[in-house]
Amino acid sequence: MTSSLTRLIEQEDPRQPYTDEQLAQMLGIRREQVVELRRTAGVADSRTRLRPILTRELARLLAQEPDLSDRSLTARLNESGFKVSRYLVRELRETLPPAPGPVTAAAEPPAPQEAEENLFARMIGFDGGLKAQIHQAKAAVSYPPNGLHTLIIGPSGSGKTLLAETMYRYAIQQKLLAPDAPFVAFNCADYADNPQLLNSQLFGYVRGAFSGATTTRSGLVDKADGGILFLDEIHRLSGEGQEMLFYLLDKGAFRRLGDSGPAHQVKVRLIAATTSSPESALLLTFRRRIPIVISMPALADRPLSERFAVVQSILETEYRKIGRRLVVEREAARLLLQYDCPGNIGQLQSDIQVCCANAFLESVSRQEDAVYIRAELVQQLLPAVTGSRTLEIESQYDRQLVFPPGDAKPQAEAEPDELYKRLKEAVDSDDSSPERIRGLLNQFIHPGPRVLQEAAEAAEVRRRKHQETLALVRTVLADMQDCLLCLGGDFEESVALCLTSQGPHGDPTDTAHLADKYPAEYELARRFASKYCALRPSNLSAYQIQMLTLCLYAFSARRTGKRIRIILMAHGQVGPAMAEVVNHILQDDNAIGFSMDWQESSEQVLERAIRLVQQVDEGLGCLLLVDMGSLASFAPEISLRTGVHVRCVARVDTLMALDAVHRASFRERCTLDELADTLEIGRLHAGFSDLEQRTGKPSAILTVCITGEGYARRIESFLKATVVECRDIKIVDVGLLNRDAMLARVEELRHDYDIVAAVGTINPELPGIPFLPMNYIFSGQGTMALTNLLESHCQRPNGLGDLLDPQLILCDADFNDKNDALDTLCTMLTEKGCVKPDFLLSVYKRENLGATCLPQQIAIPHGDPALVTKPAICIAKTCRPVDWSGGFVAEIVFLFALDESCQIFVQRFCDLLKDENRVKALLSAKSAQEIYDLLR
């Protein structure tokens with residue numbers, strides 16, 4: 001059957017490839033069987049097979065007439081033999097060429113026989129653009145006892161699959177998984193049109209579960225037992241499937257479809273990947289079970305040096321396939337570094353493969369021993385090249401690339417890859433027509449992530465230098481144990497970073513200031529520098545001494561003995577659990593958990609609390625952070641009976657507890673009363689501050705590091721990638737090195753912004769501004785706390801009028817049909833900057849799921865919230881009823897462009913529909929202004 005399928009596809013018209021439904025009819029089988037046969041044979045679906053030829057034809061037409069409209073462009077394409085919709089043309093026009101194809105469940109698990117070195121060093125950018133991501137990946141794999149489930153987000157072709165495979169290899173190398181542990185990869189998009197079939201593939205089914213289930217079958221979860229299950233495009237998993245997966249993650253057990261018996265126990269680590277926004281595509285309950293979220297950057301956001309290394313790696317791979325000397329001309333290399341590549345590394349790889357294939361054809365036809373990639377060959381395959389980064393390219397990478405480098409020659413026994421063999425056979429047999437060559441390229445070149453080879457030599461040198469510095473730091477710290485106590489776990493890395501950082505030119509002016517303010521730390525920094533320079537002959541700059549001083553202060557290297565004790569009191573086991581989290585994040589032991597059983601009397605609880613206070617007090621008093629009820633009244637009684645100064649603050653949450661412990665551990669301590677008063681007046685603004693404190697100014701977040709550069713910008717990138725509310729908020733980086741300058745900068749910002757919080761590695765101690773440690777933000781609780789803080793701080797409109805714009809309202813609109821209405825309204829929203837161009841396609845996808853027309857003759861189409869940039873409603877009252885779907889007609893159309901924060905507007909619209917008089921008035925409105933006034 002597979003051969004019959006392959007034969008049909010080889011004979012198809014490439015301009016109108018057979019769909020799975022058409023192939024099923026021709027072969028007399030079901031569509032699902034066609035999908036399985038295609039995957040087995042390594043054949044892409046009809047849309048993917050169409051894209052290469054359609055993209056090239058599209059580029060050719062646009063090169064001739066760049067101003068062609070989507071409608072005219074579609075007509076031209078269909079006249080030349082295609083059968084495509086305007087929506088597909090618009091999609092391709094915005095994202096040329098196509099993105100990489102999916103990873104299938106049939107993919108072989110990556111071989112785990114790598115050397116006992118850093119496996120992640122094989123990923124280009126492991127010590128640069130991907131350093132933070134790899135740190136998260138290692139933490140997720142290594143976290144005891146069984147690692148952490150992980151979600152990898154990022155655009156297509158950015159390396160999500162590669163990262164997942166490397167995490168698997170790393171787990172085996174570190175003996176966290178058995179050597180024969182499975183790696184099961186599956187692309188949820190393959191069965192997205194049939195949720196039931198998708199769930200059966202994942203979880204299996206029992207006999208009789210549904211029509212055609214004649215035997216019991218295991219699913220992919222069973223096959224992944226003891227290893228890793230990698231689910232690509234997980235946003236295509238239905239809500240029911242996500243709930244089943246949630247149960248698996250929560251309980252470590254699952255049931256096959258149709259199974260009512262005991263659940264099957266398995267031990268599976270989940271790594272999921274998605275190109276969509278998790279907030280819009282995944283259920284909240286499911287997201288909460290995945291504590292690690294890794295955001296992969298697009299190729300355009302990575303340094304040029306890493307793109308150069310990627311290009312070199314791909315060309316090196318192709319050279320080994322060709323078996324001939326490969327030469328890339330200087331101008332061709334520049335084009336490969338410069339052109340826009342929306343499909344990221346996956347697209348870059350497929351583009352280079354096509355260039356190599358065409359260059360190989362030329363070399364065979366010219367009977368040349370070497371394969372030359374010329375600029376003309378690259379230009380004819382790629383879209384217009386922008387002029388970005390031209391100076392950087394010309395100054396650093398403007399040269400010819402030769403493989404193998406120097407005078408070396410390919411090995412005599414090297415055999416060409418199958419693609420190049422077939423291309424040579426086509427030329428030798430005079431069967432080298434464009435259609436034949438195009439068919440071979442489509443057959444062998446599939447865009448997608450590949451395991452790239454080792455990073456550039458310079459990157460390896462930097463890594464080794466850092467490791468050498470870190471080893472010296474540990475030696476010096478071991479020699480200074482008598483005066484450096486209670487150091488945090490990240491202290492060694494932070495000191496190494498200080499020693500390898502290059503400061504501003506000239507001598508800093510704040511050395512005396514730091515020596516006066518932190519004399520003990522400054523003296524320790526000088527002693528450290530002296531011992532370090534004795535091991536590595538060098539001179540540390542004044543700037544590096546300053547950074548060492550601040551680092552020692554931030555990590556509380558010489559904590560004194562007495563502290564205000566923090567007791568977290570809550571009903572149930574919340575108090576001890578919260579204390580464990582706080583102590584772990586701050587690497588402290590000052591949070592003390594206290595539980596209250598629901599059946600325990602207040603008198604019994606009070607007696608236990610008195611004994612605890614007497615036991616833990618160090619002379620500075622105790623602060624009780626309580627949740628509610630009788631616990632809030634304990635402080636006066638405890639003080640009276642123990643003589644210990646005790647204060648109480650109610651409505652505790654993790655964010656408040658973190659701030660309290662952090663302040664109580666600081667060298668320049670406040671008193672117990674000052675600490676309690678600070679928390680009570682709502683310095684954290686985390687949902688319990690007065691709304692009257694808001695000024696109405698735009699919100700801003702400060703990112704803090706020692707210099708105000710580098711790491712602070714990486715914090716900004718992380719926040720915008722992982723916290724949706726941060727994407728539209730001003731983020732400003734400030735430096736700690738010059739405190740007076742920092743305070744002046746903050747005061748300047750306060751004139752224009754409400755500063756919601758400061759985020760970073762060192763607390764800047766800014767009055768009235770809460771500080772969130774970065775390691776807390778990396779945790780699930782920290783991300784949620786920041787989200788809640790932003791939501792509570794930012795005032796949101798709550799009436800339909802706030803989403804209305806008179807320019808987005810049409811009266812007596814003359815639409816040909818439903819599609820014409822959707823096209824027109826989506827275009828209006830796009831031109832207003834309310835939605836992204838892909839929003840139209842998402843609206844059509846939603847329409848295919850079911851009717852969006854109400855009995856009141858009101859249509860309410862809507863699209864993907866992730867594609868909404870500014871919530872709005874576009875409205876059209878038609879001059880005559882428009883056939884919608886399901887037998888309904890629409891006289892007025894509300895096209896909603898709403899994001900996740902707009903639930904209140906949906907409720908307001910539902911209230912409107914209940915008002916029959918307002919609905920009648922809308923249907924009889926005579927002008928756009930009248931519609932606007934009725935809704936406002």
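Predicted model: local features only at pLDDT ≥ 70, side-chain atom pairs only at ≥ 80, totals over all residues.
**Ser 924.** I found Ser 924 in the loop that runs between α38 (916-923) and α39 (928-935). I then checked Lys 877, which is 47 residues away from Ser 924 along the chain. The C-alpha atoms of the two residues are 9.1 Å apart.

**The sheet.** I traced an open sheet of five strands next. I wrote down the strand order as β2-β3-β6-β1-β7, with parallel pairing. Which strands sit at the edges? They are β2 and β7 (292-295), each of which pairs on one side only. From one strand to the next, I have an average twist of 15°. I looked at one pairing in detail: β1 (residues 150-153) runs parallel to β7, and four bridges join the two strands. For Leu 151, I found the bridge partner in β7 to be Val 293.

**Aromatic pairs.** How many aromatic pairs does the structure hold? I have eight. I describe each by the distance of the ring centres and the angle of the planes.

I took Tyr 168 and Phe 183 as one entry; their centres are 5.1 Å apart and their planes make an angle of 50°, which is a tilted pair. Tyr 168 belongs to helix α8 (residues 160-173) and Phe 183 to strand β2 (residues 183-187), so this pair ties together parts that are 15 residues apart in sequence. I noted Tyr 168 as buried because its relative accessibility is 3%. Phe 183, at 5%, is buried as well; the cut-off for buried is under 20%. I also recorded that ring pairs link Tyr 168 and Phe 183 with Phe 230 in a cluster.

My other entry is Phe 528 with Tyr 532. Their ring centres are 6.2 Å apart and their planes lie at 10°, so I listed this pair as stacked, the label for planes under 30 degrees apart. Both residues are in helix α24 (residues 519-535), where a spacing of four residues puts about one helical turn between them. Phe 528 has 5% relative accessibility and therefore counts as buried. For Tyr 532 the value is 2%, so I marked Tyr 532 buried too.

**A charge over a ring.** I looked up Arg 307 and found its charged end over the ring of Tyr 339. The distance to the ring centre is 5.3 Å.

**Helix α28.** I finished with α28 (residues 634-642). Which residues of α28 are buried? I listed Phe 634, Ala 635, Ile 638 and Thr 642. These four lie on the same side of α28 because they cover an arc of only 95° around the axis. On the other side of α28 I found Pro 636 and Leu 640, both exposed.

Conventions. Residues numbered from 1 in each chain as written. Heavy atoms only, no water. Buried < 20%, exposed > 50% of the residue type's maximum accessible area, 1.4 Å probe, protein only. Arc of directions from axis to C-beta. Phe/Tyr/Trp six-rings, centres within 6.5 Å; stacked < 30°, edge-to-face > 60°. Lys NZ or Arg CZ within 6 Å of the ring centre and 35° of its normal. Pairing = 2+ DSSP bridges. Axes fitted to C-alpha atoms, helices over the stretch in contact; angles between N-to-C directions.
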